[in-house]
Amino acid sequence: MSVPLHKKVPTAALSRVPLRDILNLPNSLTLLRLFSIPLFLGLLGHRHYREALWVFGFAALTDSLDGTVARWFDAKTELGAFLDPFADKLMLVSAFVVLTMDGDFPPWLFGIVIIRDVIIVFGYFSLSFLTGERIPVRPSYIGKGSTFFQLACVVAALARFGQMPGGYYNYLLYTTAGFTALSGVQYMYRGLQILFSREPEMFE
């Protein structure tokens with residue numbers, strides 16, 4: 001016997017979430033970081049590297065603040081869980097695109113960074129589809145090291161370290177490539193472990 005439509009959906013599910021709950025302080029900081037990306041890219045496009053470095057530093061500050069504030073005030077939301085890594089990755093990839101086009105990063109480094117990100121995103125959605133579950137994302141130490149060195153590369157490029165003698169800038173690029181590639185392999189291995197440890201929903 002079919003259930004009337006008005007009984008299928010609870011009234012609470014139809015209630016609208018107040019705007020003040022969506023735009024709490026952590027989410028507002030994340031949105032501010034998103035809105036700073038066009039300014040950052042505009043400064044990079046006009047070769048204002050010092051100003052772009054300040055904006056990049058401001059974005060990094062809001063990144064550290066939003067998570068801390070969310071934990072302190074128990075203000076974590078699904079929107080924030082999605083927007084925070086999205087804003088971080090968009091800022092970082094945008095910087096790599098422009099700085100590669102300007103010749104500060106070699107194309108092979110940009111390729112490694114992009115391929116690793118594509119592997120992670122594609123692998124995550126593939127696992128979610130095959131297992132029918134929302135797979136928790138737990139960054140590894142190698143993954144965190146990869147992100148750290150990528151950020152260090154952007155800061156070094158904006159500070160024009162590549163124009164200084166000594167060759168340390170090239171060592172940083174090679175280290176970043178190594179950590180990025182290794183983290184991509186590690187996440188692939190983790191994904192295969194999850195896949196082989198569970199029976200895919202589509203084959204049940």
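Reply: Just after helix 8, Arg160 adopts a positive phi of about 65°. Helices here are DSSP runs of H or I of at least four residues, strands are runs of E of at least two, and both are numbered from the N terminus. The model is predicted, so local features need pLDDT of at least 70 and side-chain atom pairs count only at pLDDT 80 or more, whereas totals for chains, interfaces and linings use all residues. Residues are numbered from 1 along each chain as its sequence is written, and side-chain values use heavy atoms, with hydrogens and water left out.

Arg160 is also a partner in a salt bridge with Asp104, in which the closest N and O atoms are 3.0 Å apart. A salt bridge is a side-chain nitrogen of Lys or Arg within 4 Å of a carboxyl oxygen of Asp or Glu. This pair links distant parts of the chain, with Asp104 in the loop between helix 6 and helix 7 and Arg160 in the loop between helix 8 and helix 9, 56 residues apart. Arg160 is buried, at a relative accessible area of 19%, and Asp104 is buried as well, at 14%. Buried means under 20% relative accessible area, exposed means over 50%, and partly exposed lies in between (1.4 Å probe, protein chains only).

Helix 8 itself covers residues 141-158, which makes 18 residues. From its first C-alpha to its last it reaches 26 Å, close to the 26 Å expected at 1.5 Å a residue; the expected span is 1.5 Å times one less than the number of residues. Its buried residues include Gly143, Phe149, Cys153, Val154 and Leu158.

Val154 and Leu158 also belong to the largest nonpolar core, which has 31 residues; together with Phe40, Leu44, Phe96, Leu99 and Phe105 they touch the most other members. A nonpolar core is a set of buried Ala, Val, Leu, Ile, Met, Phe, Trp, Tyr and Cys residues joined through side-chain atoms within 4.5 Å. Helices 4, 5, 6, 7, 8 and 9 each supply at least two residues of this core, and helix 6 gives the largest share, eight residues. Leaving out residues up to four places away in sequence, Val154 touches Phe56, Leu92, Ala95, Phe96, Leu99 and Phe105, where contact means heavy atoms within 4.5 Å.

Arg33 and Asp88 meet through their side chains at 3.0 Å, N to O. Here too distant parts of the chain are linked, since Arg33 is in helix 4 and Asp88 in helix 6, 55 residues apart. Arg33 is buried, with a relative accessible area of 2%, whereas Asp88 is partly exposed at 26%. In the other pair, Asp102 meets Arg47, with the closest N and O atoms 3.4 Å apart. Asp102 is in the loop between helix 6 and helix 7, and Arg47 is in the loop between helix 4 and helix 5. The search of the whole structure finds five salt bridges.

For the chain overall, the secondary structure comes to nine helices and zero strands. Of its 204 residues, 33% count as buried. Among contacts with a separation of 6 or more, 78% are between residues 24 or more positions apart.
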